There are 2 protein chains.
Amino acid sequence: MKRITLLLLALASCIVLGAQEPTLVFSPEVHPDGRVTFRYTSAKAEKVSVVGDFTRRPLAMTKGEKGVWSVTTEPLPSELYHYRFNVDGRKVMDPNNAYLIRNIDEFYPYFIVGGGKADDYMVHDVPHGTLSKVWYPSPTLGVQRRMSVYTPAGYEEGRGRYPVLYLLHGMGGDEECWQAFGRAVQILDNLIAEGRAVPMIVVMPNGNTLHKAAPGESDEGMYKPYWCGSKDGSFEASFGDIVRYVESHYRTKRRASARAIAGLSMGGGHSLYISASNPGMFDYVGLFSPAVKPREESPLYTDIEGKLAAQFAAEPKLYYIAIGKDDYLMEENIAYRQMLEAEGYPHHYNLTEGAHKWNVWRDYLVDFLPRLFR
Amino acid sequence: MKRITLLLLALASCIVLGAQEPTLVFSPEVHPDGRVTFRYTSAKAEKVSVVGDFTRRPLAMTKGEKGVWSVTTEPLPSELYHYRFNVDGRKVMDPNNAYLIRNIDEFYPYFIVGGGKADDYMVHDVPHGTLSKVWYPSPTLGVQRRMSVYTPAGYEEGRGRYPVLYLLHGMGGDEECWQAFGRAVQILDNLIAEGRAVPMIVVMPNGNTLHKAAPGESDEGMYKPYWCGSKDGSFEASFGDIVRYVESHYRTKRRASARAIAGLSMGGGHSLYISASNPGMFDYVGLFSPAVKPREESPLYTDIEGKLAAQFAAEPKLYYIAIGKDDYLMEENIAYRQMLEAEGYPHHYNLTEGAHKWNVWRDYLVDFLPRLFR
C-alpha cells in the first residue's frame with residue numbers, strides 16, 4: 001500500500017498554471033472607466049483593426065512587443081458590444097475571447113461595459129432562477145418542439161403559483177436567442193432581485209415552425225439557419241400547444257392578469273396576432289419593433305379589425321409598443337398606431353433612439369418587465 | 001378599419017428567402033457515404049486547407065467558381081469531428097458553419113458523421129429529457145454555484161423516483177462541457193429511448209472551485225478560462241452540498257444502488273476520492289482516463305488505502321476504469337490498477353485505443369451508462 005502513498009506527488013497544478021496566467025494575452029480588457037483594450041497576436045500581419053458596434057469606423061491597432069497588436073478605446077457607454085478584428089482585410093474572431101454569442105448563423109465575440117444600464121445584463125451575486133431546455137408536444141404541428149423556460153429563484157423551493165410571460169424572438173432566431181444577445185436570464189435575475197420586476201415564469205419558445213429546435217438541438221441534422229421564420233400563421237396557430245404544456249407542467253396562475261406575451265420583430269407580430277386572436281387571454285402585450293404586417297396569408301391574419309375590437313373590449317391592462325426612430329419597420333408601425341388611435345384603443349408607446357437591433361430590445365425588456373403583473 | 005386591411009400585403013417572406021437558399025455556401029456538407037465537403041469563399045487567398053481531428057495532415061482545398069475553395073474527404077468513420085481552415089498560414093473558423101462547441105477557452109466548428117456510433121451523438125425523434133441550469137448553495141465554499149441537471153423524458157409528467165449519476169468534467173472544464181463535446185444529453189436521450197440505459201437523473205456540476213459558473217454565467221465577470229481546475233480537495237470537500245441539493249429538490253432514490261459517480265481526467269480523480277471518502281454511498285463508480293494522483297495536498301487525499309478498504313468493504317456493484325492506450329496518464333493508471341489488483345478489489349477495466357480526448361470519453365459514457373442501476 002506504500003505504492004499509492006508514493007503517488008502523492010505534487011505535479012504541475014492549477015496553482016502553477018495560475019502563476020503562468022499573466023503571460024497570457026487578455027482581450028478584450030474592460031477598464032474600470034469604460035475604456036476597452038483589444039489585443040491580437042500576429043507577427044506577420046501588416047494591418048490590424050477592430051470593427052464593432054461601438055465605433056463607426058475601424059479602430060487601427062498598433063504593433064507592440066512580441067507581435068501583439070493593440071488599441072484602447074475612449075470610455076464607452078455602458079452596453080453589451082460585439083466586434084471582430086480585421087487582419088489584412090479579413091474578418092477574424094478574437095482568439096483570446098472565450099465569450100461568444102450566436103445570432104442566427106453567426107457567432108460574435110462580445111464584452112460588457114458596466115457602470116450603467118448594462119449592469120442589468122451582467123451576472124451578479126443575487127438569487128438566480130433556473131433556465132430549462134424543455135421539449136413539448138405540438139399536436140397542431142405534429143412534432144415535438146424545444147423551448148427555454150426560466151423559473152425564478154425560489155420556484156423549486158416553494159409551492160406558490162406564478163404569472164407567465166411568453167417572450168418571442170425575431171426572424172432567424174430560435175429558443176436560445178433571448179438568452180444570448182437578449183441577456184434575458186441576467187435581466188430577469190437582476191430585476192427580480194431588486195424588486196423591479198415581480199417573480200415570474202418566462203417561456204421562450206422557438207417561433208420558427210420550419211425547425212423544431214435551435215441549431216445542434218434538432219433532429220433535422222445540421223440545417224443551415226438563416227434569416228427566416230414563421231409568418232404563415234403556423235406559429236400563432238400552434239401557440240395553444242405551448243400554453244397547454246406550460247399551464248399543465250408549471251405552477252402558473254391561469255388568468256389573464258397573470259399572462260403576458262411580448263416579442264421582437266417577427267415575434268412582435270406573433271404577439272400581436274396571438275393576443276388579438278385570443279381576446280381576454282393576455283392582460284399584457286408587448287410589441288418590440290414589431291413586424292405588424294402579415295407577410296403571408298393565413299386565417300389568423302384576416303379580420304384583424306374585429307379581432308382587435310374583441311381584444312380591447314376585454315380591456316387589457318397594458319398594450320405596449322416600442323420602436324427605435326431608425327427602425328426599418330417604422331412605416332408600418334406608424335400606420336398601425338394610427339389605426340389604434342383612430343379606434344381609441346389605449347396603448348403605451350415607447351419611441352426611442354436606435355434601429356432594429358438587439359441593443360434596443362434589451363432596453364425594451366428592461367422597460368417592459370416592471371410593468372407586468374402589478 | 002380599411003387601413004389595416006390595406007396593410008395585408010405579402011412582402012419578402014420566409015418562402016422567398018427559402019427559394020434563395022441554394023445560392024448559400026454550405027460547409028461542411030456531410031454526404032450519405034461519410035465523405036465530407038468543406039467550402040470556403042475567398043477571392044484573394046493563395047492557399048487554403050482544412051485541418052481537423054479526422055486527418056493527420058492538412059487537406060489542400062482547390063479554388064473553384066466564384067472564389068469558392070473546396071475539398072472532399074474520403075468516407076470518414078462515424079464520429080463527431082472538429083476542424084479549422086488554414087488560409088494563407090492563418091487559422092480561420094468556417095464562416096458557413098453555425099455549429100460551434102466550446103472547450104475551455106476555444107470554440108471549434110464541428111460536424112457529425114452518422115451511420116455508426118456517432119448516431120448516439122445526434123438528436124433523434126425520440127422522447128427528450130430536460131436540461132436545466134440550476135444554481136445551488138454551497139455552504140462549504142460559501143457561494144452559490146451553477147450546475148447542469150438532466151431529467152429524463154417523463155420526469156415532469158410522473159411521480160416516480162429516479163437514480164442519479166453525478167457526471168464530472170476535467171481540468172479547464174465547467175458545468176457545460178459534458179453537453180458540448182460530451183454530447184451527454186443526446187447520448188442519454190438515445191440510450192434511454194432504446195432501453196440501453198435506464199431513465200436516470202444526471203447531474204453535471206462545475207468541478208472547478210475557482211469559478212462559480214461557466215464563462216458568461218458567473219458574477220466574476222469575463223474571467224479567462226484556462227486549463228485549470230480543482231485538485232486541492234475543495235471540490236471533493238464540497239460535493240455533499242450538491243448531493244444535498246439534488247436529493248432535496250429532485251425525486252431521487254436515496255440509496256447506494258441508485259447513486260453513480262463518474263468523471264473524466266480530473267473528474268475521474270474527483271470520482272475516485274469522493275467515492276473513497278464516502279464508503280457505501282455509490283454503488284457505481286466510473287473513472288474515465290482518471291487523474292489518479294492528487295496534484296495538491298488535502299486531508300481528502302490522505303490514507304487512501306484505508307478509504308479504499310472501507311469503500312470496497314461496502315461492495316460497490318461496479319468500479320469501472322477506462323483509458324486509452326495513448327493516454328498521457330497511463331503510467332499512474334497502471335500503478336493504481338496494480339494496487340487495486342494487489343488488494344483484490346474487483347473492478348472493470350476498459351482499455352481502448354485513443355488518447356486523452358473527448359472521442360474516447362464519449363465512448364466511455366456510452367459503454368458505462370448501460371451498466372448502471374440494473
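Predicted model: local features only at pLDDT ≥ 70, side-chain atom pairs only at ≥ 80, totals over all residues.
## The contact between the chains

The contact between the two chains draws 90 residues from chain A and 90 residues from chain B. The area buried between chain A and chain B comes to about 7,500 Å², and carbon and sulfur atoms give 62% of that area. On the side of chain A, the residues that lose the most area to chain B are Arg90(A), Tyr99(A) and Lys224(A), which together make up 10% of what that side buries.

Across this interface there are 17 residue pairs in polar contact, with both residues of each pair at pLDDT 80 or more, whereas the count of salt bridges between chain A and chain B is zero. Several elements of chain A give two or more residues to the side that touches chain B, among them helix 1 (2–6), helix 2 (14–20), strand 10 (106–113), strand 11 (130–138) and helix 4 (234–249). When the residues on this side of chain A are sorted by class, 49 are nonpolar, 20 are polar and 21 are charged.

## Strand 11 and its partners

Strand 11 of chain A pairs with strand 11 (residues 130–138) of chain B in the antiparallel sense, over three bridges. Within this pairing, Lys133(A) has Leu131(B) as its bridge partner in strand 11 of chain B. Strands of a sheet pair through backbone hydrogen bonds, and the pairing may be either parallel or antiparallel.

Strand 12 (residues 143–151) of chain A is mostly covered, since seven of its nine residues are buried.

## A four-stranded sheet in chain B

Chain B holds an open sheet of four strands in the order 1-2-6-5, with antiparallel pairing. Strand 1 (29–30) and strand 5 (62–63) of chain B stand at its edges, and because each has a single partner strand, one side of each is left without a neighbour in the sheet. Strand 2 (residues 36–41) and strand 6 (residues 68–72) of chain B are joined by five bridges and run antiparallel. One of the pairs between them brings Phe38(B) together with Val71(B), its bridge partner in strand 6 of chain B.

## Salt bridges

A search of the whole structure, over all chains, finds 43 salt bridges. In one of them, the side chains of Glu106(A) and Arg84(A) meet with an N to O distance of 3.5 Å. Glu106(A) belongs to strand 10 of chain A and Arg84(A) to strand 7 (residues 79–87) of chain A, so this pair ties together parts that are 22 residues apart in sequence. Glu106(A) is partly exposed, with a relative accessible area of 29%, while Arg84(A) counts as buried at 11% relative accessibility.

A further salt bridge joins the side chains of Asp283(A) and Lys317(A), at 4.0 Å from N to O. This pair links distant parts of the chain, 34 residues apart, with Asp283(A) in the loop between helix 5 (266–277) and strand 16 (284–288) of chain A and Lys317(A) in the loop between helix 6 and strand 17 (318–324) of chain A. Asp283(A) has a relative accessibility of 10%, under the 20% that marks a residue as buried, so it counts as buried.

In chain B, Arg196(B) forms a salt bridge with Glu194(B), and their closest N and O atoms are 2.9 Å apart; Arg196(B) is partly exposed, at a relative accessible area of 28%. Chain A also contains a network of salt bridges, whose linked residues include Arg102(A), Lys133(A), Arg146(A) and Glu217(A).

## A buried histidine

His211(A) is found in the loop between strand 14 (201–205) and helix 4 of chain A, and at 11% relative accessibility this residue counts as buried. Leaving aside residues up to four places away in sequence, His211(A) touches Arg145(A), Asn206(A), Glu220(A) and Tyr223(A).

Methods. Residues numbered from 1 in each chain as written. Chains lettered and ligands numbered in written order. Heavy atoms only, no water. Contact = heavy atoms within 4.5 Å. Buried area = accessible area lost by both parts, 1.4 Å probe. Polar contact = N/O pair within 3.5 Å; in protein donor to acceptor, adjacent residues only side chain to side chain. Nonpolar A, V, L, I, M, F, W, Y, C, P; charged D, E, K, R; others polar. Pairing = 2+ DSSP bridges. Buried < 20%, exposed > 50% of the residue type's maximum accessible area, 1.4 Å probe, protein only.
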